[in-house]
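This report walks through one structure for a first-time reader.

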Amino acid sequence: MKWSAEAPSNIALIKYMGKTDASSNVPSNASLSYTLGGLRTRVELESSAQDQWQELSEWPVKLSEKSKERFLKHFQFLKKTFEVDGSFTVRSGNNFPSDCGLASSASSFAALTLAVFEMAKDQSSNKAMIESLSLEDLSALSRQGSGSSCRSLFSPWALWKSEGAESIKFPYDLLLHDVLILEEEKKAVSSSEAHKRVTSSALFVGRVERAETRLKDLAAALNLKQWANAFEITWAEMWDMHALFETSNPSFGYMTGASVDALHAVKDFWQEQGDGPLVTMDAGPNVHLLFRPDQKAFRDELGKRLANYGRVLRTDSL
Ligand code: DP6
């Protein structure tokens, strides 16, 4: 028998950076994300002689030995939690190229959690417990595999507070997502390692309060449709996180010269037009842009300018 599930990636505008409990991914501060329906992971499960990971042939993905181990560890945690016996082949893949630096633990761990839940509906020895699980419960389990994945179960916006992740409504329920792909290499410092290192930065003092204040301000700006204000808050939050990276001990970073040039090009665009996209970066060199649906002409124009620095991927057309 086979079971499968898919889950999307997400991009945080208020970032999860720093944990109060590293073993179960409890965040230092609340975060807010937009769900990227175009960037997806699919997980398939099939009974087999032993637990093992394989690449999904139609959606190829490359996983390091360490990533495979981490994925299977979460799989085994879920089997135990869902009271499932037996061994399975876990196949996973993404609908986007594996060499573009977008590989997201958010979509993979969310898809794995949902796929094991599907399998447990048939295979668990405690079906009553499985049937009682809510989306919030599944999100909390997914969080234990990778923190940011707990937001991928909600769409289009997810708010993750210490009590757990939930869906949140804003007047912008459809945004257009582009990502400027700047480097096709593997990142040197994983985001899990980044969470540990940032606490050594002198700037980590006050970080939780800054993130919480920005979350309140951003929610108000989105609710009042103050797009320019939302841009400024998102921009400041991105620089705050990247400043933490660069001021950690030992310091590290993800911004390349091309990232900085591209950020300046977006800023220039805003200054010329008095309008533009929300912009942010995760723990990588790529620049993420979110446009309102009425900004299609801006999207084309800015896309042309950014193509000077890298490859612009429109994730809703994948
Ligand atoms: C920079 O969820 O990848 O993308 O919980 O250790 O798996 P683990 O970390 P992860 O951290 C993501 C950090 C971020 C910001 C964000 O998505 O909020």
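A polar contact is a pair of N or O atoms within 3.5 Å; within protein, one must be able to donate a hydrogen and the other to accept it, and residues adjacent in sequence count only if both atoms are side-chain atoms. The model is predicted: local features need pLDDT of at least 70, side-chain atom pairs count only at pLDDT 80 or more, and totals for chains, interfaces and linings use all residues. Residues are numbered from 1 along each chain as its sequence is written, and side-chain values use heavy atoms, with hydrogens and water left out.

## Around the ligand

| Residue | Atom on the protein side | Distance to a ligand oxygen atom |
|---|---|---|
| Ser148 | N or O atom in the side chain | 2.7 Å |
| Gly147 | polar backbone atom | 2.7 Å |
| Ser105 | polar side-chain atom | 3.4 Å |

On its own, the ligand has 460 Å² of accessible area, and the protein covers 96% of that. Accessible areas come from the Shrake-Rupley method with a 1.4 Å probe; for residues, only the protein chains shown count as cover.

The shell holds 18 residues. The closest are Tyr16, Arg70, Ser146, Ser148 and Ser192. By type, the shell has five nonpolar, eight polar and five charged residues. Here Ala, Val, Leu, Ile, Met, Phe, Trp, Tyr, Cys and Pro count as nonpolar, Asp, Glu, Lys and Arg as charged, and the others, Gly among them, as polar. Helix 5 (residues 191-197) gives the most to the shell, with three residues. Helices (H or I, at least four residues) and strands (E, at least two) are DSSP runs, numbered from the N terminus.

## Backbone exceptions

Most residues other than glycine have a negative phi, and most peptide bonds are trans. Some spots here depart from that.

The peptide bond from Ser155 to Pro156 is cis, with omega near 0°. Pro156 sits in the loop between helix 4 (135-145) and strand 7 (157-161). The bond from Asn249 to Pro250 is cis, with omega near 0°. Pro250 lies between helix 7 (227-246) and helix 8 (257-273), in a loop.

Asn25 is not a glycine, yet its phi is positive, about 55°. Its loop joins strand 2 (19-21) and strand 3 (26-27). Is Asn25 buried or exposed? Asn25 counts as buried, because its relative accessibility is 5%; buried means under 20% relative accessible area, exposed over 50%, and partly exposed in between (1.4 Å probe, protein chains only).

Glu83 has a positive phi of about 55°. It is found between helix 1 (65-81) and strand 6 (88-94), in the loop. With a relative accessible area of 36%, Glu83 is partly exposed.

Technical notes: Near = heavy atom within 4 Å.
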